[in-house]
Structure formats: structure tokens, C-alpha cells
Amino acid sequence: MQVKLHQVVTFSRHIFHGNPAYVVTASEAPRETVAMMTGVSDLIGADVMALILRPDSDQPELSFYTPEGPHAGAGHATAAAAFIALSTAKRNMLAFNLAGGNRRHARRSSHGIAVEWPVMAYEQTPRARDVAQALNATPRETYVAPFGYVAIFETEDAIAELKPDLAQVAALDRSAVITTAPGIQSDIVIRVFAPAVGLPEDPVCGTAHRIITPYWAPLLGKDEIHSRHLSKRGGDLWCKHTGANVEIAGESIQAFEATLDLPAS
């Protein structure tokens, strides 16, 4: 069986920036789908790989895999899948069918591909001192969410100059530390450190914006905010807070497309 393999750079129109993700497209499910897609993920070294079945449909099926097996999904891989599916189907919007009967809505917007996500709640944390020690810098506010700790700083320079102790970051009881502040050429800036899951610094993290958009939007008096990642690769996101959801948008570009010959078993 032959399938298409795409690499898409999300949250940028430059292939050396943004966050790259792999997407496999197929007209029907491969035999032994889980084992086959786990093998493909291992072959190409994907942290998270998306599989789209029937990408020319207005309700394609979307699932995710890593070299260890099925995965719940990631923001950049979902954005990459939406870019491919909308381009393939030549549509302006679609709804992915996910495992468990859930759906994920995506559309074309003035800022590129936009995907809607549920808000992630956050709360104050008694571990502010531990976070400050890990970051080698003291935030003005510190919060915690299921995804990670959130450290709020005063200035863009404070974010750009961070030199965290990654061993201490990895020792915290969350997978990531999100650092953010008001921006100069964007509404806000952000860096995300996640060494515990193999990312000393995330190139561009969409998931973090499900937490920080509801924080920043009312403070800035805006429903939609422009966020700039200050990682080495860098990237730009436009995030709209719509009550229970956050719509995260960004430009994408396909770096390459290839044909993959899957083994018979």
C-alpha cells in the first residue's frame, strides 16, 4: 500500500522557522494501522505524527502516533493536518473525526489555518519559588495548569534572556514551564521549556496558548492576541478567546511531500 508523507512547518511561512510536523494521508486505513503507523513514526523520527484518512472529505478521520504507539495529539501536528486536509479537499473549513467520537474544527482565516481548542484552566500555585529557581529568574506571577507551570514576566527582554536550569525544570511535577510577557512587536511573547518530554525548548507551542490566551486577552482588552515565540526557530500565532474555547491560528507551509511504500505486514 502506498501513502503520502508530508512535512509541514506550522506557525511560519519559512521552512527554517515555526514547528515542523509529519502528516500521513491515506484513502483507507492501512492493515494493522497502529503497528504500521508506530513503525512509520519510528522510521522518520517523529515526535508526534498525524494520520488523515480520506483527506478529501469534509469530515476526515484524524489520529496520532509516536514511535511508542497511539498519541492523544499535539497542537502543531493538528495544525499541520488541517493545512493538508484543507488544501487537499480545497475547502475553507472542516471538522476532523477523532478517536472516541470527538471532533476538531479547523478553518482558513486571515492569519492562516485556525483550529479550535477547549480552554485549559489554570490556578495559583504554592510552588512559585521552585519555578523561579528552575528558571533562574523571578516571575511577577506564577500559575499551574495540567499541562505545565505558567510564569508571567514584565518585559519581552526578560523572556529573551532566560537561561533556565533544565534539570530543575525537568524535576518539576508538570511536563512544561511556560514563560510569557507583553511583547514589543506583538501583543505577547512566549518561550516554553519541556525537557522532561524531550524538548529542552519547544520551537513553537500551540497548547500553551490554551492557557495563556484567557489570561492575557482581558488584561490587554482584546479578544484576539498576537503571540510571538522567542525560541531559536521562532513563530507567530493569533489566538482568539471565545469563552470556553481558544481558536489558535498561524501560517503554514509544506516543506516536502513523498510517497511511502508500506510493507504488507
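Author: What follows takes up the pocket, the cavities and the salt bridges in turn. This is a predicted model, in which local features need pLDDT of at least 70 and side-chain atom pairs count only at pLDDT 80 or more, while totals for chains, interfaces and linings use all residues. Residues are numbered from 1 along each chain as its sequence is written, and side-chain values use heavy atoms, with hydrogens and water left out.

Reader: What makes a space a pocket or a cavity, and what is the volume of the largest pocket?

Author: On a 1 Å grid over the protein atoms alone, a cavity is a set of points where a 1.4 Å probe fits but cannot get out, whereas a pocket is an open set with protein on both sides within 12 Å along at least five of seven lines. Grid points are joined across faces, edges and corners, and a volume is the space filled by probe spheres set on the points. The largest pocket has a volume of about 880 Å³. Its lining has 41 residues, of which V48, H71, G73, A74 and G75 are the closest to the centre, a lining residue being one with an atom within 4 Å of a point. Strand 2 (19-26), strand 4 (61-66) and helix 2 (75-89) are the elements that give two or more residues to this lining, with helices (H or I, at least four residues) and strands (E, at least two) taken as DSSP runs numbered from the N terminus.

Reader: How many cavities are there, and which residues line the second largest cavity?

Author: A search of the whole structure finds 2 cavities of 30 Å³ or more. The largest cavity holds about 40 Å³ of space, and its lining consists of F11, G75, A79, V115, W117, G206 and I248. The second largest cavity holds about 30 Å³ and is lined by Y122, Y143, V150, I152, I211, I212 and Y215, with helix 6 (209-220) giving the most, 3 residues.

Reader: Why is the lining of the second largest cavity called nonpolar?

Author: Ala, Val, Leu, Ile, Met, Phe, Trp, Tyr, Cys and Pro count as nonpolar, Asp, Glu, Lys and Arg as charged, and the others, Gly among them, as polar. By that division the lining has 7 nonpolar, no polar and no charged residues. The lining of the largest cavity has 5 nonpolar, 2 polar and no charged residues, and that of the largest pocket has 22 nonpolar, 15 polar and 4 charged.

Reader: How do you know that E61 and R54 form a salt bridge?

Author: A salt bridge requires a side-chain nitrogen of Lys or Arg within 4 Å of a carboxyl oxygen of Asp or Glu. The closest N and O atoms of E61 and R54 are 2.3 Å apart, so the pair meets that limit. The structure holds 11 salt bridges.
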